[in-house]
Amino acid sequence: MIYKMMLVLLVLVAGVANAADNATNSSADQLTHLLDQNRNVKGDFRQVTYDEKGKQVQVSSGVFLLAKPNQFVWDSISPYAQRIISDGKFILVWDVDLQQATKKPINNSSSDSPAALLGQPAASVLPHYIVTKLGEEKFRLEPKNKEEMFKTLTLSFKDNKINAMSILDGLGQTTVIEFTKVKTHGGVAKENFSLKVPADVDVIVDGQ
């Protein structure tokens, strides 16, 4: 599954060259402001992946919960159960039906994955992306490093809340995620982000 650890909210800011004009800087500032408002959110999602010819190849749906810093739960309910959890230090990808899970330090996750960028300080990501404003609340991010796994990432907001994101990867596949019932929260218990799994689940730890 392409971008299995794709998440909703990315603390991404523009990687803008010194020669960039004021309009570009203004777009980066606006995007930063919108993302800051979407750090603590929850809701439903529907994710569709298309191949390079535009043919639909995969559909999934579920619920998500995000809390700063770097904590999230991404529960795919259909067509099969998969849970992705981060407690801020580690990420656990748990395929429920297969009774298998993979655990890795969050700082060892692919740096070009939007999931790995969740909650990162602006100073650490600012040099790596170029932001273009496509609409009132729609932005396209392009990695400056052409070797990264995705070519473009488009973020859309509605009434200051995350509404959709679209990722074009290096293989020409496009993943579109639509968000509904998005609500902000004032913080949730850390138990929501526990990495504990049942004893019969086979856990593979990255690097071991």
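This is a predicted model: local features need pLDDT of at least 70, side-chain atom pairs count only at pLDDT 80 or more; totals for chains, interfaces and linings use all residues.
**Exercise 1. A charge without a partner**

Which side chain of opposite charge is nearest to the buried Asp51, and how far away is it?

*Solution.* 
- Step 1: find the residue. Asp51 sits in the loop that runs between strand E1 (41-50) and strand E2 (56-67).
- Step 2: look for the opposite charge. The nearest such side chain is Lys55, 5.9 Å away. A salt bridge needs a nitrogen of Lys or Arg within 4 Å of a carboxyl oxygen, so Asp51 ends up buried with no salt bridge.
- Step 3: try backbone nitrogens instead. The side chain of Asp51 gets to the one of Lys53 at 2.9 Å. A polar atom of that Asp51 side chain also lies 2.8 Å from the backbone nitrogen of Lys55.
- Step 4: list the neighbours. Leaving out residues up to four places away in sequence, Asp51 touches Val57, Gly172 and Gln173.

**Exercise 2. Salt bridges**

*Solution.* 
- Step 1: recall the idea. Opposite charges on side chains can pair up when the charged atoms come close.
- Step 2: take Asp44 and Lys181, whose side chains meet at 3.8 Å, N to O. This pair ties together distant parts of the chain, with Asp44 in strand E1 and Lys181 in strand E11 (residues 174-184), 137 residues apart. Asp44 is partly exposed because its relative accessibility is 22%; Lys181, at 66%, is exposed.
- Step 3: take Asp75 and Arg83, which form a salt bridge at 2.6 Å, N to O. Asp75 has a relative accessible area of 14%, so it goes down as buried, while Arg83 is partly exposed at 28%.
- Step 4: finish with Glu142 and Arg140, paired at 3.6 Å, N to O. Glu142 comes out partly exposed at 24%, and Arg140 is partly exposed at 27%.

**Exercise 3. Following the rings**

*Solution.* 
- Step 1: count the pairs. The total is 4 aromatic pairs.
- Step 2: start with Phe45 and Trp74, a stacked pair with 4.0 Å between centres and 15° between planes. Phe45 belongs to strand E1 and Trp74 to strand E3 (residues 71-78), so to speak a link across distant parts of the chain, 29 residues apart.
- Step 3: move on from Trp74 to Phe179. These two are edge-to-face, 6.4 Å centre to centre with 70° between the planes. Here strand E3 is linked to strand E11, and the two residues are 105 apart.
- Step 4: check burial. Trp74 is buried because its relative accessibility is 1%, and Phe179 is buried at 4%. Phe45 is buried too.

**Exercise 4. Zooming out**

Describe the overall build: what helices and strands are there, and in what order?

*Solution.* 
- Step 1: tally the elements. There are 2 helices and 12 strands.
- Step 2: read them along the sequence, which gives α-β-β-β-β-β-β-α-β-β-β-β-β-β.
- Step 3: check burial and surface. Of 208 residues, 44% count as buried. The protein exposes about 10,700 Å², with carbon and sulfur atoms supplying 49% of that.
- Step 4: check sequence range. Among contacts with a separation of 6 or more, 50% come from residues 24 or more positions apart.

Technical notes
Residues are numbered from 1 along each chain as its sequence is written. Side-chain values use heavy atoms; hydrogens and water are left out. Helices (H or I, at least four residues) and strands (E, at least two) are DSSP runs, numbered from the N terminus. Buried means under 20% relative accessible area, exposed over 50%, partly exposed in between (1.4 Å probe, protein chains only). Contact means heavy atoms within 4.5 Å. Accessible areas come from the Shrake-Rupley method with a 1.4 Å probe; for residues, only the protein chains shown count as cover. Lys and Arg count as positive and Asp and Glu as negative; His and the chain ends are not counted. A polar contact is a pair of N or O atoms within 3.5 Å; within protein, one must be able to donate a hydrogen and the other to accept it, and residues adjacent in sequence count only if both atoms are side-chain atoms. Rings of Phe, Tyr and Trp (its six-membered ring) pair if their centres lie within 6.5 Å; planes under 30 degrees apart count as stacked, over 60 as edge-to-face and the rest as tilted.
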